[in-house]
Amino acid sequence: MFCTKLHNLNVAVVQAVRKYATPSRFYKKSSILKSDGKFEITLDQRKLKTPKGSLFLVDSEPLALAVATEWNSQKGKIVQSKMHITTLCNTVLDNPNNLTKLDIVNYIVNCLDTDTVLYQANEDEDLMKFQITEWDPVIEWFNKRFNVKLKKSVQMDVSPVSEEDKTTLIRHLMSYNFASVNGFLYGVDTLKSVILTLAAIDRFLTPEKAVLLSRLEEEYQCGRWGRVEWAHDLNQQDLQSRLAAVVLFVYFNSQSMKVQEKNKP
């Protein structure tokens with residue numbers, strides 16, 4: 001049931017992006033406007049709305065500024081597929097499949113059963129050594145940070161995560177608000193790893209390093225057989241952009257912040 005809901009959510013997001021696919025920029029400037037303790041986004045004199053037609057409202061002033069910056073960064077065409085923070089806000093505000101926070105948290109935690117970092121190759125000795133060197137310190141940090149006992153595995157039919165550990169991580173993720181857990185989900189879908197996503201959001205890893213670790217086998221193969229630089233670099237930069245947006249989105253939604261101007265003399 002939930003997998004169907006999540007699939008429908010992904011389809012809805014894709015459809016929303018296609019609906020507004022690469023229209024020409026029709027505004028000169030995007031700004032923010034405070035309204036009843038929340039923040040709106042304006043495109044010249046027009047107020048931004050979500051794909052469902054709801055008024056675009058966020059609680060965090062820095063988050064609103066980040067959204068306005070994405071809109072101001074658009075050139076001749078509006079490429080919404082590159083506007084990751086705006087996309088995340090729209091998903092939270094519209095919630096097209098009426099997912100609850102617990103729905104999303106359960107999905108994230110169950111993704112640990114197939115987490116990239118927990119499954120290491122045993123048919124290629126050099127690759128396995130590479131994975132041990134790069135991934136094992138992250139697993140060790142994760143276990144200490146969240147008081148769990150995740151174990152790496154070479155067999156996909158054996159879960160490396162106990163139900164007790166899942167319960168612990170559910171409690172941790174449930175301490176965040178609905179917007180933030182949507183950010184976690186976006187990160188997990190980007191990296192195919194709960195461990196790397198939480199490590200990046202906790203700032204144990206930079207987005208660049210987290211993306212590199214999520215592509216470890218690909219990087220290993222490229223080292224052996226060569227790489228098509230522009231293709232690999234573009235893909236890596238896109239993933240880094242998505243993950244950096246996730247880190248900012250979760251941070252802005254987890255902090256109570258206002259931007260204050262210095263008093264003029």
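Tutor: Start with accessibility: buried is under 20% relative accessible area, exposed is over 50%, and partly exposed lies in between, with a 1.4 Å probe and protein chains only. The model is predicted, so local features need pLDDT of at least 70 and side-chain atom pairs count only at pLDDT 80 or more, while totals for chains, interfaces and linings use all residues. Residues are numbered from 1 along each chain as its sequence is written, and side-chain values use heavy atoms, with hydrogens and water left out.

Student: What share of the protein counts as buried?

Tutor: Of its 265 residues, 45% do.

Student: How many helices and strands does the protein have?

Tutor: Both are DSSP runs numbered from the N terminus: helices are H or I of at least four residues, strands are E of at least two. The protein has 11 helices and four strands. Take helix 3, residues 84–94: 10 of its 11 residues are buried, so the rest of the structure largely encloses this helix. Among the buried residues are His 84, Cys 89 and Asp 94. Asn 95 follows helix 3 and has a positive phi, near 40°.

Student: How many salt bridges are there?

Tutor: A salt bridge needs a side-chain nitrogen of Lys or Arg within 4 Å of a carboxyl oxygen of Asp or Glu. The count is 10. In one of them, Asp 59 pairs with Lys 38, and the closest N and O atoms are 2.3 Å apart. Asp 59 is in the loop between strand 4 (57–58) and helix 2 (61–72) and Lys 38 is in strand 2 (residues 38–43), so the bridge ties together parts that are 21 residues apart in sequence.

Student: Which residue forms a salt bridge with Glu 40?

Tutor: Lys 47 does, with 3.1 Å between the closest N and O atoms. Glu 40 is buried, at 2% relative accessible area, whereas Lys 47 is partly exposed, at 43%.

Student: Where are the two ends of the bridge between Arg 145 and Asp 202?

Tutor: In this bridge, the closest N and O atoms of Arg 145 and Asp 202 are 3.0 Å apart. Arg 145 belongs to helix 5 (residues 125–146) and Asp 202 to the loop between helix 8 (194–201) and helix 9 (207–214), so that distant parts of the chain, 57 residues apart, are linked. Arg 145 is partly exposed, at 35%, and Asp 202 is partly exposed, at 30%.

Student: Which residues are linked in a network of salt bridges?

Tutor: Asp 113, Glu 163 and Lys 166. Lys 166 lies in helix 6 and is buried, at 7% relative accessibility. Contact means heavy atoms within 4.5 Å. Apart from neighbours within four places in sequence, Lys 166 has contacts with Val 109, Asn 110, Asp 113 and Val 161. Lys 166 and Leu 112 are 54 residues apart in sequence, yet their C-alpha atoms are 8.5 Å apart.

Student: How is a pair of aromatic rings described?

Tutor: By the distance of the centres and the angle of the planes. Rings of Phe, Tyr and Trp (its six-membered ring) pair if their centres lie within 6.5 Å; planes under 30 degrees apart are stacked, over 60 edge-to-face, and the rest tilted. The whole structure has eight aromatic pairs. Trp 141 and Phe 146 make an edge-to-face pair, at 5.9 Å centre to centre and 85° between the planes. Both Trp 141 and Phe 146 are buried. Tyr 251 and Phe 252 make a tilted pair, with 6.1 Å between centres and 55° between planes. Tyr 251 is partly exposed, at 34%, while Phe 252 is buried, at 12%. One aromatic cluster consists of Trp 141, Phe 142, Phe 146 and Phe 204.

Student: How are two packed helices described?

Tutor: By the angle between their axes and the distance between the axes. Axes are lines fitted to C-alpha atoms, for helices over the stretch in contact, with angles from 0 to 180 degrees between N-to-C directions. The axes of helix 5 and helix 6 (residues 163–174) come within 11 Å and cross at roughly 70°. Under 35 degrees counts as roughly parallel, over 145 as roughly antiparallel, 65 to 115 as roughly perpendicular and the rest as oblique. Helix 5 and helix 6 are therefore roughly perpendicular. Phe 142, Arg 145 and Phe 146 of helix 5 make the contact with Thr 168, Leu 169 and His 172 of helix 6.
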